[in-house]
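Please open the structure in your viewer and follow the stops below in order. Each stop names a selection and then states what is found there.

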Amino acid sequence: MPPFRCAVLGAVKHDYVARGLASHPRFEIAVVADDPNVPAWAHERNQQFADECRVPYVRDVDRALREYDVQVAIVSPEAERHCDLSIRAALAGKHVVQDKPLSTRRGECDRLVEAIERSGVRFLMWNRNFLPAVLHARDLVSGGAVGAVVAVHVDFYFAKDAGPPLGTRRPGYPPLSWPAHQIAAHVDGSDGGLGNEPMGDLAIEGIYPLGYIRLLTGAAVQRVFARATAHFHQLYADNAVEDLAGVTLEMAGGLIGSLAVGRIGAGSHPSGGEIKLHVLGSEGALVIGESRPEVLVCYRDQPPREPRQRRVAADNDFLLADDFARAIDTGGETILDARAGRHLFAVCEAALESCRSGQPVSVIE
Amino acid sequence: MIRLAVNGATEAVRQALGSRLRGATLQATPDPDAAVFLDRPDLGAVRQLLAAGKHVLLADGSCPPADLLDTLLLVARPGGARLAVVNPASHLPSCQLIRRLLAPGPLGKPGLVRLHRWKPPGVPRPLVGDLEWITGLMGSAPQLVYAVDNVPAGFLHVQLGFAGGATALLDHARVPAGDEYGSLSVIASAGAAHADEHANVQLLYRGGPPQALRTGEGVLALTSLLQDFVEGLVSGRDFSPSLAGWRTALRVDDAVRLSLTSRRAIPLEGS
């Protein structure tokens, strides 16, 4: 069976999505493309990625979709362009793999769901649901190890910096520019919500823990209470977005959930972050370390930022790609399709509204 | 030497404490200088002790309701007896370490506290004790209280909102008999600390899946709180400021109940 040919539409944020999909023998990158009017730095990144993959870089998305015999679009531009490119790909009959976040606006998410479903193509929102520990949790829960699930809690603290710490801006100095920081931070991989519009980490990263909860329970979130703050980074405070959040979730069937999400700074964890799942059931409970299995590696003159606990056996990329290929082959759904992604967006949106109102907020379906 | 009557301790714990305390002896005498309650106290007996001029330490992780607390303080006053209410959790070595490292220490200012407290059926898990613990770690009273529960499943989740968007999440859950789990995460402005029993379990192999066994923190918490009480008595320290945290926790406890019935977030007046 020939591999699916893929067009990479914007490789400016996370080229790991494209690399992840291409790690599977069923997918090959055929072309990189973007719109002609994107900034020069975006063209430069796209060109670099195309050169690395030894494929053409085409400054015309629609032409690339039309002329390069592709069946799949891999979408990872600036966040506010995610849906636009995905919709154009879907309307051109291409299956879509998209980076997080789904969008910056609910209306765009709705347009995406409509386009995907009308076109009959498959959609996968890139996620971490196939990490070994998450799969282990899923298997234990689905096997009845804890009985009926009552509550799920996810701690999702990732130890990355985002420029200078909070409180370091001197009087008279201008606020830090969100897009300028994100563009510059790409060098060391600490860029967060790439785009012109500032996005907090609940909006960007919240999809991961919410994806875990969805995987483990299948339950929709109905009501949300949340508190959030810019606690670590001047960039986030200057742009009025959150780098730390706590969220209470009320879900279908009376399930209760919660999230603690934070970009807690590189110095706050020796190995990239503390991520845990807590599952309470009618017959027992689970505590799962998301980074396991891991190996402790320490040595003389070790660089301070090098992770001490190394994740091993992480097969997430391959399994996501495999899930996507299966969905295309069978016409079935992916592990996180457009409608599910839209729901997770709406949960984050409700959480941020709750932060503003100080009251629980219903999730808009 | 202060003669302490300790209620609620096993003989093994009593012996361990007896050999560690300075300036006090543990006695089963009917006429102690002070009484310590490590389990839920008989408040009538507490009242009698205070009225008789005996100092009392309540350390079961809870606190009498505010009106009763006031009554006990009034009863104690004429005889010069002193009443202390101490949260054993705050004397755990793990908690003391984290407290020491918070601002002005290297961890910085807390922005998020997360506490999981899972107990088997029948084991008391007073909410007010954990609320006192959390507010103590945050260093201020919450402004907003929200709670959801699942009564048949024995599950309660509380979220507290503090000034500036800081928050705390607490869950109390029921786990099968014989099991127990606790986890505290403190995410602060310059670092984070996780006192999680997940990281402190040992594995026992006896065929089949291994059993996870906790290595606990021993009697150091009890030793610390008793020693602190004894030193407070000897130095004539006023214990009443420590009650302020409990009074805040009692108000939060009331707000939790109100939130559960109203399904609203409850602002805490005066915070």
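Select strand β8 (residues 221–229) of chain A: eight of its nine residues are buried, so the strand is largely enclosed by the rest of the structure. Buried means under 20% relative accessible area, exposed over 50% and partly exposed in between (1.4 Å probe, protein chains only); strands (E, at least two residues) and helices (H or I, at least four) are DSSP runs, numbered from the N terminus. This is a predicted model, in which local features need pLDDT of at least 70 and side-chain atom pairs count only at pLDDT 80 or more, while totals for chains, interfaces and linings use all residues. Residues are numbered from 1 along each chain as its sequence is written, chains are lettered from A and ligands numbered from 1 in the order in which they are written, and side-chain values use heavy atoms, leaving out hydrogens and water.

Now select Arg223(A) and Glu250(A), which form a salt bridge with the closest N and O atoms 3.3 Å apart. The pair ties together parts 27 residues apart in sequence, because Arg223(A) lies in β8 and Glu250(A) in β9 of chain A. Both residues are buried. A salt bridge is a side-chain nitrogen of Lys or Arg within 4 Å of a carboxyl oxygen of Asp or Glu.

Finally, move to Arg3(B) and Asp33(B), whose side chains meet in a salt bridge (3.2 Å, N to O).
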